[in-house]
Each structure stands twice: as structure tokens, then as C-alpha cells.
Amino acid sequence: MMLELQKLCFEDLSVGMSEQLVKHVSSSDVVGFAEVSGDRNPIHLSEHFAARTPFKTRIAHGLYTASLISAVLGTRLPGPGAIYLSQTLNFKAPVRIGDDVKVTVTVEELMERGNRARLSCICSVEGNVVLEGEALVKVPSRDEDQSGL
């Protein structure tokens, strides 16, 4: 999954703008996230362990799912140059290996002071919300942008 970069400055944003990403969750994604994060909870890595849990199978890390939100923010809406200020996360249901996670990020509010945008963030699997929250990001203005993108 490599999203094409789309750079938007604060002036380009409007309430209601939205971007989506769909990511198929593979076993190698979960193992790789465990290695990078250090979270080796066996519910993510051991089918034998996970079979004895209420989920009955391995599940992806919650923060792996949340990282897909970061992918949208950093590459598409608002894109390169956006600075994460805060993120709320409400986990609603597990994400299993083999699931296709649909991430939707929508501009909810624009605050001219500080060029901040409040965005709703929803992750769903087969139409069921698995994670929801809000992100607050600082977005460069055209005058501030020196990225060359």
C-alpha cells in the first residue's frame, strides 16, 4: 500500500472534504507491526493462544489500525507537511487478519488561528465501525509551505 502523495495547504481545505483508504490486513503486516512496536502480545502472533480468547483467532494491534489513519493524514488529507497535534481513538471491534479495513478521514472544522483542522476518523470492516476518533492537525499555509511538493 503506497498512497500517491497529495499536498493540500490550509487554504485548500473545506469542511466536508474526505479521503478514503482500503487496506487488506495480512499476517505479515501484524508480525511487522509487532517487531516495529515491540508489542508481542500473543493475541496478535499466536493462533494457539488467540483460539482460547473471545476472538477465537489472531487480531491486529489496535494501534496498527490507527496507523492507517496516519497514512491518510500524512499522504492525502491534508498530506505532506501536516503535523499531528492530537488523536482520540475509540476501539469498537477487533480487526482480524484477512479483513479489509476502510479508513475515512473527513474535515469537520477549520480553525484559522494556527491553521488547524479537526478531522473525524473512522475505520470500518464490512460496514461495521471498528475504530472511530478525531484528529487535530496543523496544516501549512501556502505562505509557509516550502516543501517543493
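1. Glu 19 counts as buried, at 17% relative accessibility. The model is a predicted one. Glu 19 has a charged partner: its side chain meets that of Arg 76 in a salt bridge, 3.5 Å from N to O. This pair links distant parts of the chain, with Glu 19 in strand 1 and Arg 76 in the loop between helix 4 and strand 2, 57 residues apart. Arg 76 is buried too, with a relative accessible area of 18%; the cut-off for buried is under 20%.

2. Helix 4 covers residues 62-75. Its 14 residues should span 20 Å at 1.5 Å a residue, and the end C-alpha atoms are 21 Å apart, which agrees. Buried residues in helix 4 include Tyr 64, Leu 68, Ile 69, Val 72 and Leu 73. Among the elements that cover the buried residues of helix 4 are strand 1, helix 1 and strand 5.

3. The structure holds one aromatic pair. Tyr 64 is buried, at 7% relative accessible area.

4. Six salt bridges are found in the whole structure. One of them joins Asp 12 and Arg 142, 2.3 Å from N to O. Asp 12 lies before strand 1 and Arg 142 after strand 6, so the pair ties together parts that are 130 residues apart in sequence. Asp 12 is partly exposed at 28%, and Arg 142 is partly exposed at 48%.

5. Arg 118 and Glu 109 form a salt bridge at 2.9 Å, N to O. Salt bridges with shared partners join Glu 109, Arg 118 and Glu 134 into one network.

Methods:
Residues numbered from 1 in each chain as written. Predicted model: local features only at pLDDT ≥ 70, side-chain atom pairs only at ≥ 80, totals over all residues. Heavy atoms only, no water. Helix = DSSP H or I, 4+ residues; strand = E, 2+ residues; numbered from the N terminus. Expected span 1.5 Å × (residues − 1). Buried < 20%, exposed > 50% of the residue type's maximum accessible area, 1.4 Å probe, protein only. Contact = heavy atoms within 4.5 Å. Phe/Tyr/Trp six-rings, centres within 6.5 Å; stacked < 30°, edge-to-face > 60°. Salt bridge = Lys/Arg side-chain N within 4 Å of Asp/Glu carboxyl O.
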